[in-house]
Amino acid sequence: MLTNKTVVLGITGSIAAYKAAELASFLTKSGADVETVMTESAQKFILPLTLRSLTHRPVVCDMWSPPENFSITHVALAQAADVIVIAPATANIIAKMAYGLADDILSSIVLATKAPVIVASAMNNNMYENPATQENLARLKERGFLIVEPEIGHLACDAIGKGRLADINTIISAINMVLGRAGDMAGKKVVVTAGGTREPIDPVRFIGNRSSGKMGYALAEAARERGADVTLISAAQLSKPFGMSVIYVESASQMLDAVKQSVYNADALVMAAAVADFRSKITSENKIKKDSLVLNMELERTPDILSEVKGDFLRIGFAAETEHLLDNARKKLADKTLDLIVANDVTTQGSGFGTDTNKVTLISRGGKEIDLPLMAKRDVADRVWDWVVANIDIA
Ligand code: C5P
């Protein structure tokens, strides 16, 4: 995604400026051409030399003395940018951009560009919450700037509040999302489920399974980076991925409700979640005491979400199996009248629950089978979406 993309990285004068070095390093290693632009106050916090060394490129520090051998003017940099990322962005640069000021190199580039601009703010919590800053951010948002909100945490001024620069991974997700906006899933709406449901027995205990949610999250992130509008329904307690709607659920019936609500106008539903097949028939309001716990707990079936939710969209299931993988998967494909099933041998080393890799076979309604080698879950996700893109018309 980042290869040969020109990322203009604007750094402004916040103590979080040092974190921009890590961002610049990651972007450069990922193949992007990173053009760093630093405001005067940013240079008090971090040296241009640091960025120059990490990006292997000259760093633009002011309007009037561009570095030697650097021929592009601020307008040319504005034009060359595939994306502009301002991280960290202070209240000052946010105010300048909101009002169209161009009194330094960074604000001039922003005013002169047609590229998307990502603003990752970082400042004291009172400065952030000040109505002036909030109004300026709202103005930028309205104009199409992508705002990456700061996090709540311990701030350099010793306050605890909202103002800490977002995690670098969140900023990278925002960049990938912006670069993928015109991807092959642009305009498509997908719903993905992830994680293992928990079926309550009492307020303390539940029936659960070993699903980590990693496959579902990889699917959701991959779709977002190909331009799709993604709703992630998660039974895993993982942090909220950037740039998608996330509905956190616990039980199979909550997941069913969330799926039903979300599939309106969808192009594909991918059920990567490991939904519990059984739940306790009775759920106790209070913790069941050890001496009163009956040995034979009565179970009942949970709703089969894939079988219940049908419509004008591709329906894709996962079959996590420990034996007779392909036969079981083919049977599920037929029983649930799916368009595709992802057969997943959870006994293979490096495949299945909790790992970052997976070994799967894609089996489609027409009987075509694609046996994929062990690969990163993120790559499996892209192969599933490749199939979706190629088969979108059969829904
Ligand atoms: O029937 P089984 O659980 O083996 O099928 C697995 C596939 O069906 C997965 O895609 C899973 O998300 C989905 N499923 C479902 N509702 C259930 C159980 C599984 O949608 N109650």
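P88 lies in strand β3 (residues 83–89), where helices (H or I, at least four residues) and strands (E, at least two) are DSSP runs numbered from the N terminus. The peptide bond from A87 to P88 is cis, with omega near -5°. The model is a predicted one, in which local features need pLDDT of at least 70, side-chain atom pairs count only at pLDDT 80 or more, and totals for chains, interfaces and linings use all residues. Residues are numbered from 1 along each chain as its sequence is written, and side-chain values use heavy atoms, with hydrogens and water left out.

The protein chain contains 14 helices and 21 strands. Its C-alpha trace spans about 75 × 50 × 40 Å along the principal axes. Of the 395 residues in the protein chain, 50% are buried; buried means under 20% relative accessible area, exposed over 50%, and partly exposed in between (1.4 Å probe, protein chains only).

An N or O atom in the side chain of K332 is 2.4 Å from an oxygen atom of the ligand. For M271, a backbone N or O atom lies 2.7 Å from a ligand oxygen atom. A polar side-chain atom of T302 is 3.5 Å from a nitrogen atom of the ligand. On its own the ligand has 450 Å² of accessible area, and the protein covers 88% of this; accessible areas come from the Shrake-Rupley method with a 1.4 Å probe, and for residues only the protein chains shown count as cover.

R301 lies over the face of F278, at 5.5 Å from the ring centre. A charge sits over a ring if NZ of Lys or CZ of Arg is within 6 Å of the ring centre and within 35 degrees of the ring normal.

N344 is found in strand β17 (residues 340–345) and counts as buried because its relative accessibility is 8%. The side chain of N344 makes a polar contact of 3.5 Å with the side chain of S351. A80, in helix α4 (residues 74–80), has a relative accessibility of 36% and is therefore partly exposed. A80 and V178 are 98 residues apart in sequence and 16 Å apart in space, C-alpha to C-alpha.

Most residues other than glycine have a negative phi, and most peptide bonds are trans. N4, which is not a glycine, has a positive phi of about 60°. This residue is placed in the segment before β1 (6–11), and N4 is exposed because its relative accessible area is 60%. T337 also is not a glycine and has a positive phi, of about 45°. T337 is in the loop between α13 (325–335) and β17 and, at a relative accessible area of 43%, is partly exposed.

Terms used: Polar contact = N/O pair within 3.5 Å; in protein donor to acceptor, adjacent residues only side chain to side chain.
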